[in-house]
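Here's a quick tour of one protein model. Have a look at the fold, then go through the notes.

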Amino acid sequence: MPPTEIILPALANGVLSGGVYALVALGLTLIYGVLHIINFAHGSLLMLAMFATYFTFTVLGIDPYVALPAMALVMGVLGYGLYRFVVGPFSHGDDRNILLVTLGCAVVIDNLALALFKGDTRTIETAYSFDVIELGPMFLTMPRVISFAVAIVLCVALALLIARTDLGRAIRAVAKERTGARLVGIDVENVFALSYAIGIACLGAAACLLLPTFYVNPSVGNAFVLVAFTIVVLGGMGSFVGAMLGGIIVGVTESLGGLFLGEALGQIGISLIFIAILLFRPTGLFGARA
């Protein structure tokens with residue numbers, strides 16, 4: 001068994017990674033909670049945001065953390081337009097059609113990225129890429145600490161937006177009862193589009209937090225969307241608290257799994273804990289029974 005001096009840093013790094021995973025999953029759980037569909041284009045849109053962040057840094061010289069507000073806004077506008085002009089019109093109000101439309105968007109985005117950027121893997125290096133923070137026996141990289149802190153702040157801000165604002169109340173009303181929301185004058189289609197936009201804006205922010213410590217290529221979204229789906233189901237479909245806690249659990253499990261089983265087998269731990277929780281609580285940690 002590895003000594004404590006190795007386990008503690010692995011545990012801490014898992015928590016730091018989990019915060020960013022939670023941000024990716026929050027966008028997915030918001031879209032599910034309102035639209036009641038799985039957004040198959042989620043990973044592809046994250047990949048698109050990561051490429052945008054990469055070129056913003058390499059071409060314009062703008063630090064990913066500085067670019068975060070603008071990237072979140074741009075991706076939010078893209079998400080709103082995507083729902084208004086593609087997902088909504090082509091789905092004709094049928095949830096099954098929405099699944100197919102988002103899957104089609106994912107295929108188009110992935111292949112377009114492959115044609116434009118080829119299969120090359122790209123990374124960036126900032127002035128603080130190799131800076132570390134010493135915390136007792138642990139040495140934590142500066143970008144991971146910054147990304148975790150910003151991700152938690154954004155997660156809390158999103159939760160407050162849904163809980164305390166008029167838009168949040170409209171989103172919760174539509175998620176609970178669409179017909180009733182229409183009867184009281186809520187523009188349901190606009191709420192759908194705004195919810196989709198907020199979910200995709202989360203991906204813009206997550207891309208800026210991921211890129212200083214991760215790579216980007218046309219298939220990178222596939223790995224993250226699998227993790228995001230696991231977190232959403234693990235925490236409970238539509239639960240914000242569950243998504244945040246699920247992100248931390250998955251991050252820690254991935255880190256410790258890689259430590260004990262090796263990098264190639266580290267992902268097995270995520271699947272095992274996922275199956276175990278679903279066996280004992282099929283609705284997830286914070287999911288409500290239908």
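Predicted model: local features only at pLDDT ≥ 70, side-chain atom pairs only at ≥ 80, totals over all residues.

Numbering starts from 1 along each chain as its sequence is written, and side-chain values use heavy atoms, with hydrogens and water left out.

**Layout**
- You'll find 11 helices and two strands here; helices are DSSP runs of H or I with at least four residues, strands are runs of E with at least two, and both are numbered from the N terminus.
- Starting at the N terminus, the order is α-α-α-α-β-β-α-α-α-α-α-α-α.

**Size and packing**
- Of the 290 residues, 48% are buried (under 20% relative accessible area, with a 1.4 Å probe and protein chains only).
- Among contacts (heavy atoms within 4.5 Å) with a separation of 6 or more, 76% link residues 24 or more positions apart.

**Core**
- The largest nonpolar core has 76 residues; such a core is a set of buried Ala, Val, Leu, Ile, Met, Phe, Trp, Tyr and Cys residues joined through side-chain atoms within 4.5 Å.
- Helix α8 (residues 188-210) gives this core its largest share, 15 residues.
- L46 is one of the residues with the most contacts inside the core.
- Leaving aside neighbours within four places in sequence, L46 touches V24, L203, A206, A207, L210 and F224.

Note on methods: Buried < 20%, exposed > 50% of the residue type's maximum accessible area, 1.4 Å probe, protein only.
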